[in-house]
Amino acid sequence: MSLLFSPYQLGPLSLANRLVIAPMCQYSAVDGVAQDWHLMHLGRLAISGAGLVIVEATGVNPEGRITPYCLGLYNDEQETALKHIIEFANHHGQAKMAIQLAHAGRKASTRRPWEPGNPYLPEEGGWQTWAPSAIKFYEEGMPPHPMSLDDLEQVKKDFVQAAKRAERAGFLAIELHGAHGYLIHQFLSPLSNQRQDQYGGSLENRMRYPLEILAAVKQAVSSHVVVGMRISAVDWAPGGLTLDESIVFSKECERLGAGFIHVSTGGLVAHQQIPVGPGYQVEHAQAIKQQVSIPTMAVGLITSGIQAETILKSEQADMIAIARAALKNPHWPWTAALELGDKPFAPPQYQRAR
């Protein structure tokens, strides 16, 4: 059996294999509530043959959503809708289900990717965004509200309440979104965090709030729920977050009991220069893996089973996450398994196709 499709233990969570479906925003919720689209989308990923499926970035409060059409987890209706999807996935699929909890910070109140013009202005139904500092991401619109200490405490409580709801809904893992230029990442990077208090300046100070959120969420959920962190290891922009700093941050996450580090890059500033190519973020996952003992997930233009297997055999990462490849082919894990000479998982209704 290949490494990719070998059983894997993610802390207390027994997975069928090392293949992860990474979070992919669908921009199809109504008032933060999952719809039939999410049941279809996540349901077919749950039966895809992957070991872990992570639900898209889910706002911990209304202002934390990227768009008005993003999922939320701050009221009972949202919790109930997600619970229904988890029950479906558990009944029909082999994948364990996780959720990515997020606050978009200064990148909130935007339009869906297929709609022109950003951000939503207040007169269009947009809202005041929050951030570590009053530094815009988009040239248009208002600058974000620089968060007060009371604001920091409230958003941390929102993460905690969302995590409790996630556990009640049946999620077995939680990924905190500290990547792609959203709020946690905004605190980590000196390009977006120019605070003069204990949450800005040095790396120790810039890490403080993200680590407080992680510690609070860890304390709020049961020990059988895995809590990990998604990071952007580098900003791909002068003066931005560096790989060395992300290694330090990853070590601190491990110290606080994080169950994994999911390694992305970029997303913080519009002037980033990303050298996109096959597996272009794998080297960052490898660098972090060499410095921590918790599992690392590699993601980004991993498009074949052989490529994924090579990453694992080379000990560049412990798990492989795919996203757009699964949009293109929801049965990508079947293809990869056959490519590697393994027997793919399929529910009985689909076994004739295998």
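Mentor: Strands here are DSSP E runs of at least two residues and helices are H or I runs of at least four, numbered from the N terminus. Keep in mind that this is a predicted model, where local features need pLDDT of at least 70, side-chain atom pairs count only at pLDDT 80 or more, and totals for chains, interfaces and linings use all residues. Residues are numbered from 1 along each chain as its sequence is written, and side-chain values use heavy atoms, with hydrogens and water left out.

Trainee: Okay! How many bridges join S11 to S12?

Mentor: Three, and the two strands run parallel. Two strands pair if DSSP finds at least two bridges between them.

Trainee: And how does the chain get from S11 to S12?

Mentor: It passes through helix H8, residues 305-313, in a right-handed β-α-β crossover. Right-handed means that, with the strands pointing away from the viewer, the path from the first strand over the helix to the second runs clockwise.

Trainee: What about S10 and S11, how are they joined?

Mentor: Strand S10 (residues 261-264) runs parallel to S11, with three bridges between them. Ile261 stands opposite Thr296 in S11. Here the chain crosses through helix H7 (residues 282-289), and this β-α-β crossover is right-handed.

Trainee: Is S11, residues 296-299, buried or exposed?

Mentor: Both of its faces are covered: Thr296 and Ala298 are buried on one side, Met297 and Val299 on the other. Buried means under 20% relative accessible area, exposed over 50%, and partly exposed in between, using a 1.4 Å probe and protein chains only.

Trainee: Back to H8. Which of its residues are buried?

Mentor: Gly305, Gln307, Ala308, Glu309, Ile311 and Leu312. The buried residues of H8 pack against H7, S11, S12 and H10, where contact means heavy atoms within 4.5 Å. Just after H8, Glu315 has a positive phi of about 55°.

Trainee: And what does H10 pack against?

Mentor: The buried residues of H10 pack against strand S3 (19-21), H8, S12 and H9. In H10, residues 332-339, the buried ones are Trp332, Pro333, Trp334, Ala336 and Ala337. Gly341 follows H10, with a positive phi near 80°.

Trainee: Which residues lie nearest its centre?

Mentor: Pro23, His180, Arg230, Ala323 and Arg324, out of 43 lining residues. Strand S12 (319-322) and helix H9 (324-328) are the elements giving two or more residues to that lining. H9 gives the largest share, four residues.

Trainee: And what about the second largest pocket?

Mentor: That one holds about 180 Å³ of space. It is lined by 15 residues, with Phe5, Ala16, Asn17, Lys343 and Phe345 closest to its centre.

Conventions. On a 1 Å grid over the protein atoms alone, a cavity is a set of points where a 1.4 Å probe fits but cannot get out, and a pocket is an open set with protein on both sides within 12 Å along at least five of seven lines; lining residues have an atom within 4 Å of a point. Grid points are joined across faces, edges and corners, and a volume is the space filled by probe spheres set on the points.
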